[in-house]
Amino acid sequence: MKLKQLAITAAVALATLGAGIAQAQDIKPRLIRFGYGLNEASNQGRATKLFAEEVEKASGGKMKIRAIGAAALGSDVQMQQALIGGAQEMMVGSTATLVGITKEMAIWDTPFLFNNAQEADAVLDGPVGQKVMDKLQEKGLVGLVYWENGFRNLTNNKRAVTKLEDMDGIKLRVMQNNVFIDSFKTLGANAVPLPFSELFTALETKTVDGQENPYNTILSSKFYEVQKYLTVTNHVYSPWIVTVSKKYWDQLSKDEQKVLMDAAKKSRDFERKDTRAEADKALADLKAKGMQINQLSPAEANRMRDQLTRINASIATNVGMDLWKETQAAVAKARGAK
Ligand code: TK8
(Lines give C-alpha, C1' and ligand atoms only; values in the text may rest on other atoms or scores of the structure.)
Protein backbone atom coordinates (compact mmCIF):
# COMPACT_ATOMS: atom_id res chain seq x y z
CA MET A 1 0.00 0.00 0.00
CA LYS A 2 2.66 2.42 1.08
CA LEU A 3 4.79 1.46 -1.81
CA LYS A 4 1.94 1.87 -4.24
CA GLN A 5 1.22 5.32 -2.88
CA LEU A 6 4.84 6.29 -3.24
CA ALA A 7 4.81 5.13 -6.82
CA ILE A 8 1.70 7.17 -7.54
CA THR A 9 3.19 10.25 -5.88
CA ALA A 10 6.36 9.83 -7.92
CA ALA A 11 4.40 9.38 -11.11
CA VAL A 12 2.32 12.48 -10.42
CA ALA A 13 5.46 14.45 -9.60
CA LEU A 14 7.11 13.34 -12.82
CA ALA A 15 4.06 14.18 -14.87
CA THR A 16 3.87 17.63 -13.31
CA LEU A 17 7.54 18.19 -14.01
CA GLY A 18 7.06 17.09 -17.61
CA ALA A 19 4.12 19.41 -18.10
CA GLY A 20 6.15 22.21 -16.54
CA ILE A 21 8.94 21.73 -19.06
CA ALA A 22 6.55 21.60 -21.97
CA GLN A 23 4.89 24.77 -20.76
CA ALA A 24 8.22 26.53 -20.29
CA GLN A 25 9.10 25.66 -23.86
CA ASP A 26 5.81 27.01 -25.09
CA ILE A 27 6.23 30.26 -23.23
CA LYS A 28 9.88 30.83 -24.07
CA PRO A 29 9.64 33.29 -26.97
CA ARG A 30 11.43 32.72 -30.23
CA LEU A 31 14.32 35.18 -30.24
CA ILE A 32 15.05 36.59 -33.67
CA ARG A 33 18.25 38.56 -34.16
CA PHE A 34 17.58 41.28 -36.73
CA GLY A 35 20.71 43.15 -37.87
CA TYR A 36 21.04 46.38 -39.82
CA GLY A 37 23.81 48.74 -40.82
CA LEU A 38 22.61 52.24 -39.98
CA ASN A 39 22.17 53.94 -36.62
CA GLU A 40 19.13 53.42 -34.43
CA ALA A 41 18.18 57.05 -35.14
CA SER A 42 17.70 56.51 -38.87
CA ASN A 43 14.89 55.52 -41.20
CA GLN A 44 16.28 51.96 -41.05
CA GLY A 45 16.29 52.00 -37.25
CA ARG A 46 12.78 53.42 -36.96
CA ALA A 47 11.26 50.88 -39.34
CA THR A 48 13.07 48.03 -37.60
CA LYS A 49 11.56 49.18 -34.31
CA LEU A 50 8.08 49.17 -35.83
CA PHE A 51 8.69 45.71 -37.29
CA ALA A 52 9.74 44.42 -33.85
CA GLU A 53 6.63 45.86 -32.21
CA GLU A 54 4.34 44.35 -34.84
CA VAL A 55 5.92 40.90 -34.52
CA GLU A 56 5.63 40.94 -30.76
CA LYS A 57 2.02 42.12 -30.88
CA ALA A 58 0.85 39.70 -33.57
CA SER A 59 2.51 36.71 -31.93
CA GLY A 60 1.20 37.58 -28.47
CA GLY A 61 4.79 37.88 -27.24
CA LYS A 62 5.79 34.41 -28.52
CA MET A 63 8.18 35.88 -31.08
CA LYS A 64 10.66 38.56 -30.10
CA ILE A 65 12.88 40.62 -32.35
CA ARG A 66 16.24 41.60 -30.98
CA ALA A 67 17.17 44.53 -33.21
CA ILE A 68 20.89 45.20 -33.54
CA GLY A 69 21.90 48.27 -35.55
CA ALA A 70 25.06 50.15 -36.54
CA ALA A 71 26.51 47.01 -38.13
CA ALA A 72 27.23 45.61 -34.66
CA LEU A 73 26.56 42.13 -36.09
CA GLY A 74 28.80 42.88 -39.09
CA SER A 75 28.60 44.51 -42.50
CA ASP A 76 25.79 43.63 -44.93
CA VAL A 77 27.94 40.94 -46.55
CA GLN A 78 28.96 39.41 -43.21
CA MET A 79 25.36 39.31 -42.00
CA GLN A 80 24.20 37.69 -45.25
CA GLN A 81 26.71 34.89 -44.65
CA ALA A 82 25.52 34.51 -41.05
CA LEU A 83 21.92 34.17 -42.30
CA ILE A 84 22.90 31.59 -44.90
CA GLY A 85 24.80 29.60 -42.26
CA GLY A 86 21.95 29.87 -39.77
CA ALA A 87 23.93 31.82 -37.15
CA GLN A 88 21.64 34.86 -37.44
CA GLU A 89 17.93 34.94 -38.24
CA MET A 90 17.13 38.23 -40.01
CA MET A 91 18.58 41.43 -41.46
CA VAL A 92 17.84 44.38 -43.67
CA GLY A 93 20.43 45.73 -46.09
CA SER A 94 21.08 46.90 -49.61
CA THR A 95 20.15 44.73 -52.57
CA ALA A 96 23.43 45.95 -54.06
CA THR A 97 25.47 44.02 -51.53
CA LEU A 98 23.59 40.81 -52.46
CA VAL A 99 24.81 40.79 -56.06
CA GLY A 100 27.71 38.48 -55.15
CA ILE A 101 25.14 35.91 -53.99
CA THR A 102 22.33 36.48 -56.49
CA LYS A 103 23.51 38.16 -59.69
CA GLU A 104 19.97 39.19 -60.69
CA MET A 105 19.94 41.72 -57.81
CA ALA A 106 22.16 43.92 -60.01
CA ILE A 107 19.08 44.90 -62.00
CA TRP A 108 18.26 47.43 -59.23
CA ASP A 109 21.66 49.08 -59.69
CA THR A 110 20.81 50.20 -63.22
CA PRO A 111 21.45 53.97 -63.27
CA PHE A 112 18.28 56.04 -63.72
CA LEU A 113 16.07 52.93 -63.87
CA PHE A 114 13.26 54.69 -61.99
CA ASN A 115 12.23 58.33 -62.39
CA ASN A 116 10.38 58.45 -59.09
CA ALA A 117 9.43 56.46 -56.02
CA GLN A 118 6.02 55.45 -57.41
CA GLU A 119 7.68 53.65 -60.33
CA ALA A 120 10.05 51.93 -57.89
CA ASP A 121 7.15 50.76 -55.68
CA ALA A 122 5.20 49.41 -58.66
CA VAL A 123 8.11 47.40 -60.05
CA LEU A 124 9.59 46.21 -56.74
CA ASP A 125 6.21 45.12 -55.34
CA GLY A 126 5.15 43.63 -58.68
CA PRO A 127 6.03 40.32 -60.38
CA VAL A 128 9.55 41.38 -61.42
CA GLY A 129 10.48 42.41 -57.88
CA GLN A 130 9.10 39.11 -56.58
CA LYS A 131 10.94 37.08 -59.18
CA VAL A 132 14.29 38.64 -58.28
CA MET A 133 13.55 38.21 -54.57
CA ASP A 134 12.66 34.53 -55.04
CA LYS A 135 16.08 33.88 -56.58
CA LEU A 136 17.53 34.27 -53.09
CA GLN A 137 15.91 31.04 -51.88
CA GLU A 138 18.26 28.68 -53.68
CA LYS A 139 21.12 30.53 -51.95
CA GLY A 140 19.72 30.08 -48.45
CA LEU A 141 17.87 33.37 -47.98
CA VAL A 142 14.19 34.27 -47.96
CA GLY A 143 13.34 37.82 -49.06
CA LEU A 144 10.21 39.31 -47.47
CA VAL A 145 9.85 42.91 -48.67
CA TYR A 146 11.75 45.80 -50.19
CA TRP A 147 12.20 48.97 -48.17
CA GLU A 148 13.32 52.30 -49.59
CA ASN A 149 16.95 53.26 -49.20
CA GLY A 150 16.34 55.96 -51.80
CA PHE A 151 17.76 57.96 -54.66
CA ARG A 152 21.50 58.30 -54.26
CA ASN A 153 23.39 61.57 -54.32
CA LEU A 154 27.05 62.42 -54.41
CA THR A 155 29.10 63.98 -51.61
CA ASN A 156 32.82 64.73 -51.51
CA ASN A 157 35.46 66.84 -49.90
CA LYS A 158 37.47 67.91 -52.93
CA ARG A 159 35.29 70.24 -54.95
CA ALA A 160 31.75 71.10 -55.93
CA VAL A 161 30.91 68.74 -58.80
CA THR A 162 29.16 70.87 -61.41
CA LYS A 163 30.29 69.03 -64.53
CA LEU A 164 31.40 65.56 -65.54
CA GLU A 165 35.09 66.54 -65.55
CA ASP A 166 34.89 67.47 -61.87
CA MET A 167 34.66 63.74 -61.08
CA ASP A 168 38.20 63.22 -62.35
CA GLY A 169 40.38 61.53 -59.79
CA ILE A 170 37.93 61.79 -56.91
CA LYS A 171 38.51 58.78 -54.67
CA LEU A 172 34.96 57.63 -54.22
CA ARG A 173 33.73 54.89 -51.91
CA VAL A 174 31.18 52.67 -53.68
CA MET A 175 29.17 49.62 -52.59
CA GLN A 176 30.87 46.29 -53.11
CA ASN A 177 29.59 45.39 -56.55
CA ASN A 178 30.77 45.66 -60.12
CA VAL A 179 27.92 47.80 -61.42
CA PHE A 180 28.81 50.53 -58.92
CA ILE A 181 32.53 50.20 -59.57
CA ASP A 182 31.98 50.40 -63.34
CA SER A 183 29.48 53.26 -63.06
CA PHE A 184 31.87 55.54 -61.25
CA LYS A 185 34.94 54.53 -63.22
CA THR A 186 32.97 55.50 -66.32
CA LEU A 187 32.44 58.93 -64.78
CA GLY A 188 36.18 59.34 -64.21
CA ALA A 189 36.22 58.76 -60.45
CA ASN A 190 38.61 56.44 -58.68
CA ALA A 191 36.02 53.97 -57.35
CA VAL A 192 36.94 52.15 -54.13
CA PRO A 193 34.59 49.39 -52.91
CA LEU A 194 34.19 49.44 -49.11
CA PRO A 195 31.59 48.12 -46.65
CA PHE A 196 29.27 50.81 -45.31
CA SER A 197 30.39 50.07 -41.74
CA GLU A 198 33.87 51.38 -42.60
CA LEU A 199 32.70 54.43 -44.50
CA PHE A 200 32.56 57.15 -41.86
CA THR A 201 36.11 56.45 -40.69
CA ALA A 202 37.35 56.25 -44.30
CA LEU A 203 35.90 59.70 -44.95
CA GLU A 204 37.18 61.09 -41.67
CA THR A 205 40.72 59.85 -42.21
CA LYS A 206 40.55 60.93 -45.87
CA THR A 207 41.20 57.41 -47.10
CA VAL A 208 38.48 58.32 -49.60
CA ASP A 209 37.28 61.76 -50.75
CA GLY A 210 33.63 61.03 -51.22
CA GLN A 211 30.70 58.65 -51.28
CA GLU A 212 27.14 58.45 -52.58
CA ASN A 213 23.99 57.69 -50.59
CA PRO A 214 20.45 59.01 -50.15
CA TYR A 215 19.94 62.26 -48.21
CA ASN A 216 18.50 60.32 -45.26
CA THR A 217 21.71 58.34 -44.78
CA ILE A 218 23.95 61.40 -45.25
CA LEU A 219 22.00 62.89 -42.35
CA SER A 220 21.64 59.91 -40.02
CA SER A 221 25.23 58.75 -40.48
CA LYS A 222 26.47 62.32 -39.94
CA PHE A 223 28.44 62.38 -43.17
CA TYR A 224 27.95 66.16 -43.18
CA GLU A 225 30.58 66.28 -40.43
CA VAL A 226 33.23 64.95 -42.80
CA GLN A 227 31.94 66.01 -46.25
CA LYS A 228 31.69 69.53 -47.60
CA TYR A 229 30.04 69.24 -51.01
CA LEU A 230 26.79 67.61 -52.02
CA THR A 231 25.74 67.33 -55.65
CA VAL A 232 22.15 66.40 -56.42
CA THR A 233 22.61 63.57 -58.94
CA ASN A 234 19.79 61.10 -58.11
CA HIS A 235 21.84 58.68 -60.21
CA VAL A 236 20.21 55.49 -58.98
CA TYR A 237 17.35 54.32 -56.75
CA SER A 238 18.57 51.92 -54.07
CA PRO A 239 16.23 49.43 -52.42
CA TRP A 240 16.84 47.74 -49.10
CA ILE A 241 15.57 44.20 -48.67
CA VAL A 242 14.41 42.43 -45.51
CA THR A 243 15.69 38.86 -45.48
CA VAL A 244 15.39 35.78 -43.28
CA SER A 245 17.78 32.86 -42.97
CA LYS A 246 16.19 30.03 -44.98
CA LYS A 247 17.43 27.50 -42.43
CA TYR A 248 15.48 29.43 -39.78
CA TRP A 249 12.42 30.14 -41.95
CA ASP A 250 11.98 26.42 -42.64
CA GLN A 251 11.77 25.70 -38.89
CA LEU A 252 8.86 28.11 -38.42
CA SER A 253 5.21 27.12 -38.54
CA LYS A 254 3.01 28.61 -41.26
CA ASP A 255 1.48 30.89 -38.62
CA GLU A 256 4.87 32.13 -37.48
CA GLN A 257 5.92 32.78 -41.08
CA LYS A 258 2.75 34.78 -41.58
CA VAL A 259 3.46 36.89 -38.48
CA LEU A 260 6.84 37.84 -39.96
CA MET A 261 5.45 38.48 -43.43
CA ASP A 262 2.56 40.65 -42.24
CA ALA A 263 4.82 42.68 -39.96
CA ALA A 264 7.34 43.07 -42.79
CA LYS A 265 4.63 44.52 -45.04
CA LYS A 266 3.55 46.95 -42.32
CA SER A 267 7.16 47.98 -41.78
CA ARG A 268 7.60 48.50 -45.51
CA ASP A 269 4.62 50.84 -45.77
CA PHE A 270 5.73 52.76 -42.71
CA GLU A 271 9.36 52.93 -43.84
CA ARG A 272 8.61 54.32 -47.28
CA LYS A 273 6.39 57.06 -45.86
CA ASP A 274 8.87 57.94 -43.16
CA THR A 275 11.83 57.96 -45.57
CA ARG A 276 10.05 60.16 -48.08
CA ALA A 277 8.95 62.66 -45.45
CA GLU A 278 12.49 62.86 -44.11
CA ALA A 279 14.05 63.15 -47.60
CA ASP A 280 11.70 66.02 -48.44
CA LYS A 281 13.25 68.25 -45.84
CA ALA A 282 16.73 66.74 -45.72
CA LEU A 283 18.37 69.17 -48.13
CA ALA A 284 17.45 72.10 -45.92
CA ASP A 285 18.76 70.17 -42.89
CA LEU A 286 22.04 69.34 -44.60
CA LYS A 287 22.47 72.94 -45.67
CA ALA A 288 21.88 74.06 -42.09
CA LYS A 289 24.59 71.60 -41.03
CA GLY A 290 27.01 73.45 -43.30
CA MET A 291 27.07 71.42 -46.51
CA GLN A 292 27.47 73.24 -49.79
CA ILE A 293 24.78 71.91 -52.10
CA ASN A 294 24.53 72.23 -55.86
CA GLN A 295 22.19 71.00 -58.59
CA LEU A 296 23.52 69.96 -61.98
CA SER A 297 22.51 72.02 -64.96
CA PRO A 298 20.19 70.06 -67.27
CA ALA A 299 22.97 69.83 -69.86
CA GLU A 300 25.47 68.39 -67.37
CA ALA A 301 22.88 66.05 -65.89
CA ASN A 302 22.32 64.72 -69.41
CA ARG A 303 26.03 64.25 -70.04
CA MET A 304 26.31 62.18 -66.86
CA ARG A 305 23.23 60.22 -67.76
CA ASP A 306 24.59 59.42 -71.23
CA GLN A 307 27.86 58.29 -69.74
CA LEU A 308 26.21 56.10 -67.12
CA THR A 309 23.75 54.40 -69.44
CA ARG A 310 26.75 52.97 -71.31
CA ILE A 311 26.98 50.31 -68.66
CA ASN A 312 23.40 49.15 -69.32
CA ALA A 313 24.50 46.56 -71.86
CA SER A 314 26.79 44.88 -69.38
CA ILE A 315 24.09 44.86 -66.68
CA ALA A 316 21.68 43.23 -69.15
CA THR A 317 24.27 40.55 -69.93
CA ASN A 318 24.91 39.91 -66.25
CA VAL A 319 21.31 39.61 -65.10
CA GLY A 320 20.12 37.94 -68.30
CA MET A 321 18.38 39.55 -71.26
CA ASP A 322 14.95 38.17 -70.29
CA LEU A 323 14.99 39.81 -66.87
CA TRP A 324 16.34 43.01 -68.39
CA LYS A 325 13.46 43.16 -70.88
CA GLU A 326 10.82 42.24 -68.31
CA THR A 327 12.09 45.01 -66.05
CA GLN A 328 12.07 47.59 -68.84
CA ALA A 329 8.50 46.55 -69.70
CA ALA A 330 7.42 46.81 -66.05
CA VAL A 331 8.94 50.30 -65.78
CA ALA A 332 7.23 51.37 -69.01
CA LYS A 333 3.92 50.08 -67.68
CA ALA A 334 4.35 51.90 -64.37
CA ARG A 335 5.26 55.06 -66.27
CA GLY A 336 2.24 54.77 -68.52
CA ALA A 337 -0.09 54.12 -65.62
CA LYS A 338 0.21 57.66 -64.33
C1 TK8 B 1 23.76 49.87 -44.87
C2 TK8 B 1 24.06 49.94 -46.38
C3 TK8 B 1 23.74 51.31 -46.94
C4 TK8 B 1 24.08 51.43 -48.43
C5 TK8 B 1 25.57 51.60 -48.63
O6 TK8 B 1 24.17 48.67 -44.34
O7 TK8 B 1 26.30 50.65 -48.40
O8 TK8 B 1 26.01 52.68 -49.06
O9 TK8 B 1 23.42 52.52 -49.00
O10 TK8 B 1 22.38 51.57 -46.77
O11 TK8 B 1 23.33 48.94 -47.03
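Visitor: Which helix holds Glu256?
Guide: Helices are DSSP runs of H or I with at least four residues; strands are runs of E with at least two, and both are numbered from the N terminus. By that count, Glu256 lies in helix H10.

Visitor: What kind of model is this?
Guide: Residues are numbered from 1 along each chain as its sequence is written, and side-chain values use heavy atoms, with hydrogens and water left out. Local features need pLDDT of at least 70, side-chain atom pairs count only at pLDDT 80 or more, and totals for chains, interfaces and linings use all residues: this is a predicted model.

Visitor: Which backbone nitrogen does the side chain of Glu256 reach?
Guide: Start with contacts, which means heavy atoms within 4.5 Å. Not counting residues up to four places away in sequence, Glu256 touches Arg30 and Met63. A polar contact is a pair of N or O atoms within 3.5 Å; within protein, one must be able to donate a hydrogen and the other to accept it, and residues adjacent in sequence count only if both atoms are side-chain atoms. At 2.9 Å, the side chain of Glu256 reaches the backbone nitrogen of Ser253.

Visitor: Is Ser183 buried or exposed?
Guide: Ser183 sits in helix H6, residues 178-186. Buried means under 20% relative accessible area, exposed over 50%, and partly exposed in between (1.4 Å probe, protein chains only). The relative accessible area of Ser183 is 4%, so Ser183 is buried.

Visitor: Which backbone oxygen does the side chain of Ser183 reach?
Guide: Leaving out residues up to four places away in sequence, Ser183 touches Pro111, Leu308 and Ile311. Its side chain also reaches a backbone oxygen, at 2.8 Å. That oxygen belongs to Val179.

Visitor: How far apart are the end C-alpha atoms of helix H2?
Guide: Helix H2 covers residues 43-58, which makes 16 residues. The expected span is 1.5 Å times one less than the number of residues. That rule gives 22 Å, and the model agrees, because the end atoms are separated by 22 Å.

Visitor: Which residue with a positive phi follows H2?
Guide: H2 has several buried residues, including Leu50, Phe51 and Val55. After the helix comes a residue with phi near 60°. That residue is Gly60.

Visitor: What is the phi of Ala71, positive or negative?
Guide: Ala71 is in the loop between strand S2 (63-68) and H3. With a relative accessible area of 15%, Ala71 is buried. Most residues other than glycine have a negative phi. Ala71 is not a glycine, yet its phi of about 55° is positive.

Visitor: Is Lys222 buried, partly exposed or exposed?
Guide: Lys222 is in the loop between helix H8 (215-220) and strand S9 (229-232). Its phi is positive too, near 55°, and it is not glycine. The relative accessible area is 39%, so Lys222 counts as partly exposed.

Visitor: How far is the C-alpha atom of Met291 from that of Lys228?
Guide: Met291 lies in the loop between helix H10 (254-288) and strand S11 (292-295). Met291 counts as buried because its relative accessibility is 4%. Among the residues it touches are Thr155, Tyr224 and Lys228. Met291 and Lys228 are 63 residues apart along the chain, but their C-alpha atoms are separated by 5.1 Å.

Visitor: How much of the ligand does the protein bury?
Guide: A residue is near a molecule or strand if one of its heavy atoms lies within 4 Å of it; the residues around the ligand include Gly37, Asp76, Arg152 and Trp240. Ligand oxygen atoms lie 2.9 Å from an N or O atom in the side chain of Ser94, 2.9 Å from a polar side-chain atom of Asn149 and 2.7 Å from one of Asn213. Accessible areas come from the Shrake-Rupley method with a 1.4 Å probe; for residues, only the protein chains shown count as cover. Alone, the ligand exposes 310 Å², and the buried part of that is 99%.

Visitor: How many residues has the largest nonpolar core?
Guide: A nonpolar core is a set of buried Ala, Val, Leu, Ile, Met, Phe, Trp, Tyr and Cys residues joined through side-chain atoms within 4.5 Å. In the largest one, Met105, Trp108 and Phe114 have the most contacts inside it. Among the elements giving two or more residues to this core are helix H4 (117-124) and strand S4 (141-151).

Visitor: How many of the 338 residues count as buried?
Guide: The chain has 13 helices and 11 strands. Its C-alpha trace spans about 100 × 45 × 35 Å along the principal axes. Of the 338 residues, the buried share is 53%.
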